[in-house]
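User: Please take a close look at one helix pair in this model. I would like the packing described first, and the setting of the whole chain included.

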Amino acid sequence: GVLIIVDVTGRFVANRPIPGVPEMVAASLVGIAFLQLPYSVLSRMMLRTTILRDALGPNARRWVETIAVSLGVLFFGLLAYASFEPMIRSWETLEYEGGEGFHVPVYPIHTLVFLSALAATVCYARIAWQTCRGHERPIEPSGH
């Protein structure tokens with residue numbers, strides 16, 4: 001955070017930004033978001049609305065939940081599939097971003113995206129299996 005403040009201040013006050021800060025921030029944000037993805041899925045903290053769900057009976061609620069988590073399996077499975085080739089290519093070329101003497105390695109971020117999407121797919125598949133079998137864990141409000 002301090003580095004960002006110093007970079008922005010230097011950019012606007014003295015027209016002297018710190019080289020590489022935008023690249024580091026971009027890589028960090030992607031990494032942080034994808035590292036917490038499997039946990040968010042397993043703890044049922046992904047964005048959802050319960051208006052429709054609350055109006056349904058138990059059987060319909062289970063079907064809606066099964067469809068929702070199946071869509072999660074599909075989405076993150078496709079994301080893992082789509083990110084596999086870029087991950088391999090970035091490791092082969094040891095891809096970097098940046099300029100002006102500062103380079104941020106991108107291949108670890110590509111790997112993080114792939115592995116997190118794969119883990120989220122497995123987490124959603126587990127939830128789908130549990131939901132189909134009627135062992136659904138109730139949705140708890142965040143903040144416990």
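Analyst: Among contacts in the protein (heavy atoms within 4.5 Å) between residues at least 6 apart in sequence, 66% link residues at least 24 apart. The model is a predicted one, in which local features need pLDDT of at least 70, side-chain atom pairs count only at pLDDT 80 or more, and totals for chains, interfaces and linings use all residues. Residues are numbered from 1 along each chain as its sequence is written, and side-chain values use heavy atoms, with hydrogens and water left out.

The protein has six helices and two strands, taken as DSSP runs numbered from the N terminus (helices H or I, at least four residues; strands E, at least two). Their order along the sequence is α-α-α-α-α-β-β-α.

The pair examined here is helix H2 (residues 21-35) and helix H6 (residues 107-132), whose axes come within 9 Å and cross at roughly 20 degrees. These axes are lines fitted to C-alpha atoms over the stretch in contact, with angles from 0 to 180 degrees between N-to-C directions. H2 and H6 are therefore roughly parallel to each other, the term for angles under 35 degrees. From H2, the contact involves Ala 27, Val 30, Gly 31, Phe 34 and Leu 35, and from H6, Ile 109, Leu 112, Val 113 and Ser 116. Seven of the residues in this contact are nonpolar, two are polar and none is charged; Gly counts as polar in this scheme.

As for the whole chain, the C-alpha trace of the protein spans about 60 × 35 × 20 Å along its principal axes.

How values were computed: Parallel < 35°, antiparallel > 145°, perpendicular 65-115°, else oblique.
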